[in-house]
Amino acid sequence: MSAHSYNPTAKALHWLMAAIWVTAWLLGVSAVYMREAWNPHHGLTITHKALASTLLFLVVLRVAWRLTHPVPSLPDSMSPVMKRAAGLGHLALYGAALIALPLSGWFWSSVAGKPIMVLGLFQLPPLTAPAKEWYDPAKLAHVTLAWSTGALVLGHVVIALKHHFIDRDGVLRGMLPAAPSGTRLASNRTAKV
Ligand code: HEM
């Protein structure tokens with residue numbers, strides 16, 4: 001029997017990383033666009049990097065868990081094309097939002113010669129020696145990734161809400177903490193037909 005709910009570890013990693021990601025995103029934007037009012041001593045920038053850098057470690061755990069544990073099957077009501085699109089969307093979230101974006105921030109700080117203190121506890125080693133000529137390309141990469149993955153994550157949220165409120169197919173409930181494994185989609189599908 002295939003389970004219709006993610007396992008507790010996958011759910012914990014999903015929601016923990018989602019909370020960190022959104023907070024880090026808002027901190028990054030605030031650090032840059034509210035610099036004079038809120039970030040005169042770079043406190044927001046330091047906090048942004050301290051929090052966001054944890055994603056570099058969590059994503060290793062997350063990918064390892066994802067590759068070694070089954071995920072719930074998508075509902076039969078979704079066409080093969082939609083299922084394929086969902087898979088590609090998830091791949092993009094992993095690759096761009098959880099891997100490339102933090103890596104680009106790490107690279108940017110490295111070429112700028114600025115430290116990254118993970119949760120304020122220890123320093124990440126620089127990826128490269130400081131390099132002025134790489135500062136602008138690194139910044140461009142991080143800013144571009146930050147805004148494009150912001151749109152990607154927003155799309156992910158909108159689609160999850162559509163599954164829940166319009167399709168009512170249990171896809172979102174499969175990722176909610178309280179849901180029991182293996183029953184929710186089935187009961188929901190029954191309710192729909
Ligand atoms: C190792 C991880 C990361 C490092 C070292 C890092 C570093 C930085 C730095 C130095 C800034 C500029 C802040 C300032 O000028 O005061 C910045 C901006 C930003 N970061 Fe990160 N970042 C990291 C990960 C992330 C992640 C995971 C996200 C998304 C959740 C993110 C989203 C942003 C955003 C939205 C901005 C503002 C971009 C803009 O100028 O419009 N960063 N980051």
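Reader: Which pocket is the space taken by the ligand?

Author: First, a word on the source: this is a predicted model, where local features need pLDDT of at least 70, side-chain atom pairs count only at pLDDT 80 or more, and totals for chains, interfaces and linings use all residues. Residues are numbered from 1 along each chain as its sequence is written, and side-chain values use heavy atoms, with hydrogens and water left out. Now the pocket: on a 1 Å grid over the protein atoms alone, a pocket is an open set of points with protein on both sides within 12 Å along at least five of seven lines. A molecule sits in one if more than half of its atoms lie within 2 Å of its grid points. Here the ligand takes the space of the second largest pocket.

Reader: How much space lies in the second largest pocket?

Author: A volume is the space filled by probe spheres set on the grid points, which are joined across faces, edges and corners; the probe is 1.4 Å. For the second largest pocket that comes to about 980 Å³. Lining residues have an atom within 4 Å of a point. There are 38 of them, and Thr45, His48, Lys49, Trp108 and His142 are the closest to the pocket's centre.

Reader: Which element gives the most to the lining of the second largest pocket?

Author: Elements are DSSP runs numbered from the N terminus: helices are H or I with at least four residues, strands are E with at least two. Helix α1 gives the most to this lining, 8 residues. The elements giving two or more are α1 (8-33), α3 (43-52), α4 (54-68), α5 (80-112) and α6 (135-167).

Reader: And how do the residues of that lining divide?

Author: Ala, Val, Leu, Ile, Met, Phe, Trp, Tyr, Cys and Pro count as nonpolar, Asp, Glu, Lys and Arg as charged, and the others, Gly among them, as polar. The lining splits into 25 nonpolar, 9 polar and 4 charged residues.

Reader: Which residues are the closest to the ligand itself?

Author: A residue is near a molecule if one of its heavy atoms lies within 4 Å of it. The ligand has 28 residues around it, with Tyr33, Arg35, Thr45, His48 and His142 the closest. In this shell 18 are nonpolar, 8 polar and 2 charged, and α1 again gives the most, with 8 residues.

Reader: What about histidine 163: buried or exposed?

Author: Buried means under 20% relative accessible area, exposed over 50%, partly exposed in between (1.4 Å probe, protein chains only). Histidine 163 has 11%, so it counts as buried. It belongs to helix α6, and its side chain makes a polar contact of 2.7 Å with the side chain of aspartate 169.

Reader: Where does histidine 42 lie?

Author: Histidine 42 is in the loop between α2 (35-38) and α3. Its phi is positive, near 70°, in a residue other than glycine. Histidine 42 is partly exposed because its relative accessibility is 45%.

Technical notes: A polar contact is a pair of N or O atoms within 3.5 Å; within protein, one must be able to donate a hydrogen and the other to accept it, and residues adjacent in sequence count only if both atoms are side-chain atoms.
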